[in-house]
Amino acid sequence: MVVMLASQVVSVNGSKFAFYKLSLIWPNSVCKITTCKAPIPTYFTIHGLWPTFGNDIPVPPYDPASNKCNPNPTSPNDIVGKLAPINDKLDKKWPNLWVRKTNVDFWKIQWQHHGMCSDYPRDPLDYFKDTLNLAQSNRFDPFKALGVQPSDQTPHQLNTLLENVHKNFGAYPQITCSMPQKGILLLKEIRFCLKRTKKTPPSVVQNCPTRVGDRCTNPRTDYVWLRATPSIFGPHNVTSDLLAST
């Protein structure tokens, strides 16, 4: 009984993170036809649900020697069968965009880097299912939050998009960008931040501590594109941008 209680305490307190980031990808901003699988989704896809410390540093991946954040979490190799009930939904909403990796590869990476140190260490099905439900809800609809639709005609001031989300969603997000060509900023991801509470799934939104990231640096001077068609600008390998924040 004493051993079991100690294990439970470690499970609850082993990872002292403060909030989650729900990170959603706009595929047209990170894909080239030659490097992404066709067809490229015309909706935001899931990158992940990431435990994050209060200083906006992501919780490092589980490691039994250096970061045993939770006792005996499910191994990445053991999640495939557990995700069978939601495979079809994951394939659609949480695909791996890069042509050289499978969807399962992507899910394993997300589980190893984020799920094992989350509040779901031995329940990958609920971790992925809750993330799906968050990403598919109207509350976390990026287009509704941003207040704009994809367009190949007009870029948007980054600060305007941030303020739109604050108004429409109730909290500031983090917006990250890619730069496939000098002077061209593409909205790559929008990340919604949710407080960590005693209950799962997370539901209480909060301001993201850092509002811009990657190639976006200044909300007042940066103008970003949310393109309606895949962006092909030349030899820049956008897959490196996509995988930089896995």
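Trp94, Trp111, Tyr120, Tyr127 and Phe128 form one aromatic cluster. Here, rings of Phe, Tyr and Trp (its six-membered ring) count as a pair if their centres lie within 6.5 Å; a pair is stacked with planes under 30 degrees apart, edge-to-face with planes over 60 degrees apart, and tilted otherwise. The structure is a predicted model, in which local features need pLDDT of at least 70 and side-chain atom pairs count only at pLDDT 80 or more, while totals for chains, interfaces and linings use all residues. Residues are numbered from 1 along each chain as its sequence is written, and side-chain values use heavy atoms, with hydrogens and water left out.

A search of the whole structure finds twelve aromatic pairs. One of them joins Phe44 and Phe143 edge-to-face, with 5.3 Å from centre to centre and 65° between the planes. Phe44 lies in the loop between helix H2 (27–30) and strand E2 (45–52), and Phe143 lies in helix H7 (residues 142–146), so this pair ties together parts that are 99 residues apart in sequence. Helices (H or I, at least four residues) and strands (E, at least two) are DSSP runs, numbered from the N terminus. Both Phe44 and Phe143 are buried; buried means under 20% relative accessible area, exposed over 50%, and partly exposed in between (1.4 Å probe, protein chains only).

Arg196 lies over the face of Phe17, at 3.8 Å from the ring centre. Arg227 is placed over the face of Trp225, at 4.3 Å from the ring centre.

The search also finds four disulfides, each a pair of cysteine sulfur atoms within 2.5 Å. One joins Cys69 to Cys117, with 1.8 Å from S to S. The torsion about this S-S bond is about -85°, so the disulfide is left-handed. Cys69 and Cys117 are both buried.

Another disulfide is formed by Cys177 and Cys216, their sulfur atoms 1.5 Å apart. Its torsion is about -55°, so this link is left-handed. Cys177 lies in strand E4 (residues 174–181) and Cys216 in the loop between strand E7 (212–214) and strand E8 (223–225), so the pair ties together parts that are 39 residues apart in sequence.

In the disulfide of Cys193 and Cys208, the sulfur atoms are 2.0 Å apart. With 110° about the S-S bond, this link is right-handed. Numbered in sequence order, the bonded cysteines of the protein chain pair as 1-2, 3-4, 5-8, 6-7.

Technical notes:
A charge sits over a ring if NZ of Lys or CZ of Arg is within 6 Å of the ring centre and within 35 degrees of the ring normal.
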